[in-house]
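Visitor: I would like a close look at one part of this model, the sheet and what surrounds it. Could you walk me through it slowly?

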Amino acid sequence: MKTYLTAATAAIAGLSIAGSAAATEWNVSVWGKRRAFTEHVEKLAELVSEKTDGAFTMNISYGGLSKNKENLDGISIGAFEMAQFCAGYHRDKNPSITVLELPFLGVANLEEEVAVSHAVYAHPAVQKDLARWNAKLLMTSPMPQYNIVGTGEPRDELAEFKDMRVRATGGIGKAFSAVGAVPTSVTATEAYNAMESGVVDTVAFAQHAHLSFGTINKADWWTANLNPGTVNCPVVVNTDAYDALSDEERAALDSSIDEAISHYLANYGELLTKWDSVLEEKGVQKVEISDDQLAEFRKVAADPIREQWIADMTAQGLPAQELYDLVQKTLADVRAGS
């Protein structure tokens, strides 16, 4: 871990090594195993090392540095320099970015998810919110709309969701609550055991997570088009660590973000292309929800939850309506090609 020095101490240290710069090594806290969800972090580390000839490196730890629900806390105290977390794991700690987890936002693909996330991350109120944790938002971890896998008979009508125990966090969990389901916010790494033991009947994930955490292996069916929303999982850096980088190191990091995201999108696209063959291979039935049932789900979940979120966040002093409007404007701009 890089030591943060005062200007005077740094000057003395610089003299002691006769002007030669010490290598910078960052620790990065993620969880699970290497998968589509972490490919941009892996690519970022690769690019930064290449651009600095190995003088700036990142050690990516899959669960060895912190629990996934504690990554933001670790960033705040400088336990590690970079981390990934999901807003729905601790909504009270990052209320501003939970706008991106509202159900039925209308985001159609991963490119749009990147655009709306980064627009929200750039908002001053959001940066101030995360600064409370000494965290600087670096990039998103774009995920497609969540869908659920389940055991037993397929559930393709809202009435069948009543009392359904579903692993779902954030706005997705609220959406399922609105139609009578019982959400539980076990972490991704706990989802398989929760499904296997019967703690939950169904699990809401993006495709990569159903594969990575094994829930697809317990599934009898999968909803192909429920699309209630997604979770937002930023990659953040410790502000002190970022500020302590040299100009060259900072440039290497900042200039690598777009390429890392592009690599992530290409990699995830390959996974989505082969998803149907994965379902067939594992004998999982694809369930299509009818248009009228989807319309009813949106009516029950989208507007009331959005309005309640705006009211609650405004009461906390956040420009909630402005943040929601920013998401919608960004979507319109992306679709218009501006």
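Guide: Happy to; we will begin with the sheet and then turn to a pair of helices. This is a predicted model, in which local features need pLDDT of at least 70 and side-chain atom pairs count only at pLDDT 80 or more, while totals for chains, interfaces and linings use all residues. Residues are numbered from 1 along each chain as its sequence is written, and side-chain values use heavy atoms, with hydrogens and water left out.

The open sheet has 5 strands in the order β2-β1-β3-β10-β4, with mixed pairing. Strands here are DSSP runs of E with at least two residues, and helices are runs of H or I with at least four, numbered from the N terminus; two strands pair if DSSP finds at least two bridges between them. Because β2 (56-62) and β4 (135-139) stand at the edges with a single partner strand each, one side of each has no neighbour in the sheet. On average, neighbouring strands are turned by 25° against each other, direction ignored.

Look next at β3 (residues 82-84) and β10 (residues 235-238): they run antiparallel and are joined by 3 bridges. Within this pair, alanine 83 stands opposite valine 236 in β10.

Now the helices. The axes of α4 (residues 110-121) and α11 (residues 257-273) come within 10 Å and cross at roughly 150°; axes are lines fitted to C-alpha atoms, for helices over the stretch in contact, and angles run from 0 to 180 degrees between N-to-C directions. The two helices are therefore roughly antiparallel, a term for angles over 145 degrees. In contact, meaning heavy atoms within 4.5 Å, Leu110, Glu111, Val114 and His118 of α4 meet Ile261, Leu265 and Tyr268 of α11.

How values were computed: Parallel < 35°, antiparallel > 145°, perpendicular 65-115°, else oblique.
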